[in-house]
Amino acid sequence: MKRKTYLFLLIFLLLTTFSLSRGLKDIKISLEEKQIQDLSPSGTTLVFYINIKNSSSKPYFLSRYHYRFVVNQKEYLRLQTSPEEGIEINAPGKTLIALPVKINYELLFQIADELRQEDKALCYLMGELRFSDGRKDKGGVPFAFSGEFPIFKEPDIEFVALKSNDLTIGGADLNFEVKFKNRNGFEMLLDRISYTLKFGGHPINEGTIPGDKTIESHGEKTFSILLLLNFFEVGKDVYAILQQPSTLCNFSGEIEVRTIWGKIKIPFAKSGTTPITNGV
């Protein structure tokens, strides 16, 4: 698979180099940098920043451009546009332009479902920039750049245990343990977790788990939520629930995390049965 990917890129780069020799000789295009922006559970934006160097004595205008965005050797996007009034390319000098590609994971998986389980996707941006002197078209310069972007996966949540340290007719001292698993190929720093917790359908607690906790790539971390319950407040039925060997838990809220590409807010809702054990 990797050999095919590299061959695919090599062919496009060779075609681009050949085409460049036939294009505008005083216009050169180079890739300044690539940035991942607006990473979220639904998608991200990959921005290609391109330098246009004009070595002539007269300005050019970027009158229109078109490009294809290929992911995993499958076309995701094809775009053609004409900037209003054109973008002036000073002479002599360099002009930096941005070509953003917004990636929606749901649409991406319709094209390349095999990427669901991957940490990242390889991609290529290829197309042509067309230039004019302000009146007439003067020709085009093709380009082809490679890149990659992360495939974001929401954390998995697992109920570890509900430990009963003390249970009386009036209240309970509990320790609810929940595990968060990072399924991504990058680490996440948890700023905080806001949650609502229910046992057997009864509201138990609302609160936050403090942050500054790092979950490594494909790592996991267990959090303990200490609960002091008053059955006159949460309901006497909860006393009967906690005397059972297990209970249905509803755990929902929002996770605020930081990645190398910025902050992300991730809503979550987990329902399942957890065993009730005596605390140690």
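Which residue in S4 does Tyr67 stand opposite?

A: Tyr67 stands opposite Leu79 in S4. This is a predicted model, in which local features need pLDDT of at least 70, side-chain atom pairs count only at pLDDT 80 or more, and totals for chains, interfaces and linings use all residues. Residues are numbered from 1 along each chain as its sequence is written, and side-chain values use heavy atoms, with hydrogens and water left out.

Strands here are DSSP runs of E with at least two residues, numbered from the N terminus; two of them pair if DSSP finds at least two bridges between them. Strand S4 covers residues 74-81 and runs antiparallel to S3, with seven bridges joining the two. S3 and S4 form a hairpin with two residues between them. In that turn, Asn72 has a positive phi of about 55°.

S3, residues 60-71, also pairs with strand S7, residues 120-132, in the antiparallel sense over 10 bridges. Leu62 has Phe131 as its bridge partner in S7. Strand S5 (residues 87-89) is another antiparallel partner of S3, over three bridges, and there Leu62 stands opposite Ile87.

Elsewhere, seven strands form an open sheet of mixed pairing, in the order S12-S11-S14-S15-S9-S10-S13. Strands S12 (202-215) and S13 (220-230) stand at its edges with a single partner strand each, so one side of each has no neighbour in the sheet. From one strand to the next the twist averages 25°, taken between axes that are lines fitted to C-alpha atoms, with angles running from 0 to 180 degrees between N-to-C directions.

Technical notes
Helix = DSSP H or I, 4+ residues; strand = E, 2+ residues; numbered from the N terminus.
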